[in-house]
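Open the model in your viewer and keep the sequence panel beside it. This tour moves from one selection to the next.

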Amino acid sequence: MCATPFLRHSQRVSYGLFFQTIWQALSMLQIGQHKLINRVALAPMAGVTDLPFRRLCARFGAGLAVSEMISCNPRLRGSRKTRMRATHAGETQPRSVQIAGSDPAQMAAAAQYNVARGAQIIDINMGCPAKKVCRKAAGSALLADEALVRSILAAVVAAVDVPVTLKIRTGSSPAQRNGVSIARIAEDAGIAALAVHGRSRACGFSGDAEYDTIAAIVAATAFPVFANGDIDSPERAAAVLAHTGAAGVMVGRAARGRPWLCGQIAAYLESGQVPAAPAPGEQLRIVREHVAALHRFYGDFTGVRIARKHVAWYLQARHPQPGVERSGERRLFNSLRLPQEQLTFLAQLQRTQHDEILAA
Ligand SMILES: Cc1cc2nc3c(=O)[nH]c(=O)nc-3n(C[C@H](O)[C@H](O)[C@H](O)COP(=O)(O)O)c2cc1C
């Protein structure tokens with residue numbers, strides 16, 4: 001069983017807890033010397049949270065935007081993918097770079113390498129269940145080996161003079177939820193903050209996230225903990241904060257196609273009001289700007305391909321009801337091969353949207 005009936009808990013959230021959440025939201029969250037502008041972080045997502053997307057989310061109010069994971073393998077450092085992931089031009093501060101691997105010495109060297117290239121926080125990935133990562137006993141597979149976890153954390157903390165954070169799952173499997181034990185090891189090792197995805201490694205992404213283990217970790221430690229997993233709205237974020245007592249929330253999949261979501265959540269936690277998402281026409285202007293940034297960042301060939309998945313998420317977020325999604329729009333967009341064709345298509349969509357609003 002990977003799921004717990006969180007909604008029953010969230011329905012019981014009392015006004016007291018609600019105001020406690022608001023109070024916590026007003027006090028500042030700090031990672032080492034870095035004071036975050038709010039308590040809402042964009043989760044690291046390989047293939048999603050590249051520099052153009054992080055910059056967009058930060059502009060719309062994310063308090064922290066963590067990079068895609070970068071392998072600690074020194075042989076991969078020259079690869080185009082790793083070089084793109086280690087780029088921070090124009091990035092909002094603090095710049096948090098996630099590293100993945102299982103060899104303490106390599107992880108320490110990777111941390112130093114990324115700090116020399118502008119990382120202001122090093123985040124260690126022990127949360128990713130991806131086969132590519134776990135086959136090498138990295139990511140969430142490490143949670144089963146507490147001695148190795150301790151060695152990696154000690155090596156990385158000793159290697160750099162920037163704060164080091166850690167991202168974990170609740171444990172290896174529902175039967176082996178050692179998140180509390182790992183969190184204590186992390187705190188002893190000098191880790192500055194912890195993000196916890198409320199699923200075990202074995203759960204992958206199935207079932208609902210469970211927040212009881214996150215609450216237990218918060219109770220057992222004193223460093224800032226970010227609660228992560230299935231947070232897709234400001235109200236849900238407030239309920240998770242109230243349930244876990246976490247210092248902040250981390251938002252992943254729900255931010256795809258909605259770069260303004262972290263900012264909306266942050267505003268709600270501060271004021272109790274959810275600011276409106278940008279109007280549909282404005283959203284299309286933002287998409288166009290995002291797509292142009294992808295073309296510039298990756299170059300025409302790769303930029304056009306990466307733009308397709310982001311536009312699919314924007315279109316899906318615009319038409320969330322099943323069956324209403326304009327798959328025709330997506331198919332058409334996916335058939336375009338040149339950067340200018342993509343930008344012209346989006347400008348046309350924006351004009352159609354404008355005409356529809358005038359006609360309504
Ligand atoms: C496409 C994708 C890529 C991900 N890549 C990473 C990664 O590089 N590092 C990491 O620690 N977690 C990664 N994750 C996990 C997310 O950071 C997050 O913990 C997970 O999606 C749960 O949060 P959510 O329910 O808000 O999406 C990834 C998740 C997705 C969907």
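Select residues 225–228, strand β9. The model is predicted, and in it both faces of β9 are covered. Show the side chains. On one side sit Val 225 and Ala 227. On the other sit Phe 226 and Asn 228. Each of these four is buried.

Find Leu 194: opposite stands Val 225 of β9, a residue you have already seen as buried.

Next, select helix α7, residues 146–159, and helix α8, residues 179–189. Their axes come within 9 Å and cross at roughly 25°. Angles under 35 degrees count as roughly parallel, so α7 and α8 are roughly parallel to each other. The crossing of α7 past α8 is right-handed. Color the contact residues. From α7, take Glu 146, Val 149, Arg 150, Leu 153, Ala 154 and Val 157. From α8, take Ser 181, Ile 182, Ile 185, Ala 186 and Ala 189. By class, this contact holds eight nonpolar residues, one polar and two charged.

Last stop: helix α3, residues 51–59, with helix α12, residues 280–298. How do their axes cross? They come within 9 Å and cross at roughly 145°. Here too the crossing is right-handed. Leu 51, Pro 52 and Leu 56 make the contact from α3. His 290, Ala 293, Leu 294 and Phe 297 make it from α12. Six residues of this contact are nonpolar, one is polar and none is charged.

Technical notes: Residues are numbered from 1 along each chain as its sequence is written. This is a predicted model: local features need pLDDT of at least 70, side-chain atom pairs count only at pLDDT 80 or more; totals for chains, interfaces and linings use all residues. Axes are lines fitted to C-alpha atoms, for helices over the stretch in contact, and angles run from 0 to 180 degrees between N-to-C directions. Helices (H or I, at least four residues) and strands (E, at least two) are DSSP runs, numbered from the N terminus. A crossing is left-handed if the near helix is turned anticlockwise from the far one by less than a right angle, and right-handed if clockwise. Two residues are in contact if their C-beta atoms, placed from the backbone, lie within 7 Å. Ala, Val, Leu, Ile, Met, Phe, Trp, Tyr, Cys and Pro count as nonpolar, Asp, Glu, Lys and Arg as charged, and the others, Gly among them, as polar. Angles under 35 degrees count as roughly parallel, over 145 as roughly antiparallel, 65 to 115 as roughly perpendicular and the rest as oblique. A residue is buried if 20 or more other C-beta atoms lie within 10 Å of its own, exposed if 12 or fewer, and partly exposed in between; C-beta atoms are placed from the backbone. Two strands pair if DSSP finds at least two bridges between them.
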